[in-house]
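User: I would like to go through this structure with you. Could you take my questions one topic at a time?

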Amino acid sequence: EAIAFGLDAPYAVEYHDRLPSTNDRARELAVDGATDRVVVAGEQTGGRGRLDRPWSSPSGGVYASLLCRPERPPAHVPVFTLAAAVAVTRACREAGVDAVIKWPNDVLVAGSERKLAGVLTEMEGEADRVSWLIVGIGANVDVDTTDLPETATSVRAEGGNADRRRFCQRIVETFHEYRTDPEATLPAWREHAVTLGRAVRVETPGGVVEGEAVDVEFPGALVVRTADGDRVVHAGDCEHLRPA
Ligand code: BTN
């Protein structure tokens, strides 16, 4: 099935059967001055994940990068990553898969905790204002698990509706909804999160933070109740989060 599936979106959509990385393509568009675009690819040959990890991007997945220029300071950018995680989680649930968010932006199957999707956000900005923002979403939708890492799964493998067009459509719609009202993201995120209320151990460049994850606060930091009081961990500083 061709990837040019005619999304109905408030953004101009560019479709590619195959790209090195939709985030890289969106960056080219950003540098050329474009905004309000979505770049979709049927597969990626150089998909990138967080923390310089590769992102396996076999055919059948949804690889989409949303380019926009929110009138916000760079410090608010994490909320858009959370919005994307909410968007993917909702799309998974509508497809019949019980998905949950692991802070900051992993979308997992409830229970087995196998990964369905991830979000890679990139931006350029001045001190007080974002110049451009790219939110890249990779979701294993109509993918065979033999094409994925051990810890991953797909909507199809979990018995869900693997219609990529519908999935991508819902991601773009939900992202747009929260993009225009970023403060509304946190309540939705809390509803879908699996991290809150759990004992966690977060590895950061400044050391390990261990305690109970009690909340997420704007624009997306995790509040961890440790023996020495509450610590706020920023998403960009999370190298690894696991149950304590
Ligand atoms: C992660 O969990 O590490 C984030 C994965 C993000 C992958 C997506 S796929 C579309 C976009 N293009 C990329 O190269 N990466 C993101």
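User: What should I know about the model and the numbering first?

Analyst: This is a predicted model, in which local features need pLDDT of at least 70, side-chain atom pairs count only at pLDDT 80 or more, and totals for chains, interfaces and linings use all residues. Residues are numbered from 1 along each chain as its sequence is written.

User: Into which domains is the chain divided?

Analyst: There are two entries: domain 1 covers 12-192 and domain 2 covers 199-243, with bounds that come from an automatic or database domain assignment. Their C-alpha centres lie 23 Å apart.

User: How many residues are in contact between them?

Analyst: On the side of domain 1, 14 residues touch 10 residues of domain 2; contact requires C-beta atoms, placed from the backbone, to lie within 7 Å. Helix 2 (78-94) and helix 4 (185-192) are the elements that each give two or more residues to that side of domain 1. Helices here are DSSP runs of H or I with at least four residues, strands are runs of E with at least two, and both are numbered from the N terminus. Helix 2 gives the most, with four residues.

User: What is that side made of, by class?

Analyst: The side of domain 1 that touches domain 2 has nine nonpolar, two polar and three charged residues. Ala, Val, Leu, Ile, Met, Phe, Trp, Tyr, Cys and Pro count as nonpolar, Asp, Glu, Lys and Arg as charged, and the others, Gly among them, as polar.

User: Turning to the sheets, what is the order of the seven strands?

Analyst: The seven strands form an open sheet in the order 1-2-3-7-6-5-4, with mixed pairing; two strands pair if DSSP finds at least two bridges between them. Strand 1 (12-19) and strand 4 (99-102) are the edge strands, each pairing on one side only. Within this sheet, strand 6 and strand 7 run antiparallel and are joined by nine bridges. Methionine 123 stands opposite leucine 133 in strand 7.

User: And what is the order in the sheet of five?

Analyst: That open sheet has the order 11-10-9-8-12, and its pairing is antiparallel.

User: Why is one side of strand 11 and of strand 12 left without a neighbour?

Analyst: Strand 11 (229-233) and strand 12 (240-243) stand at the edges and have a single partner strand each, so one side of each has no neighbour in the sheet.

User: Which pairings can you detail there?

Analyst: Strand 8 (199-204) and strand 9 (207-217) pair over six bridges and form a hairpin with two residues between them. Strand 8 also pairs with strand 12 over four bridges, where glutamate 203 has histidine 240 as its bridge partner. Strand 10 (221-226) pairs with strand 11 over five bridges, and leucine 222 is partnered by valine 233.

User: Which residues come nearest to the ligand?

Analyst: Of the 19 residues around the ligand, Ser21, Gly49, Gly118, Gly136 and Gly138 come nearest; a residue is near if its C-beta atom, placed from the backbone, lies within 6 Å of the molecule. Helix 1 (22-31), strand 3 (62-68), strand 6 and strand 7 (130-139) each give two or more residues to the shell. By class, the shell has five nonpolar, 10 polar and four charged residues.

User: Finally, where is glutamate 113 found?

Analyst: Glutamate 113 is in the loop between strand 5 (106-109) and strand 6 (115-125). Its C-alpha lies 9.0 Å from that of lysine 102, and the two are 11 residues apart in sequence.

User: Why does glutamate 113 count as partly exposed?

Analyst: Glutamate 113 is classed that way because it has 14 C-beta neighbours inside 10 Å. With C-beta atoms placed from the backbone, a residue is buried if 20 or more others lie within 10 Å of its own, exposed if 12 or fewer, and partly exposed in between.

Key: Two residues are in contact if their C-beta atoms, placed from the backbone, lie within 7 Å.
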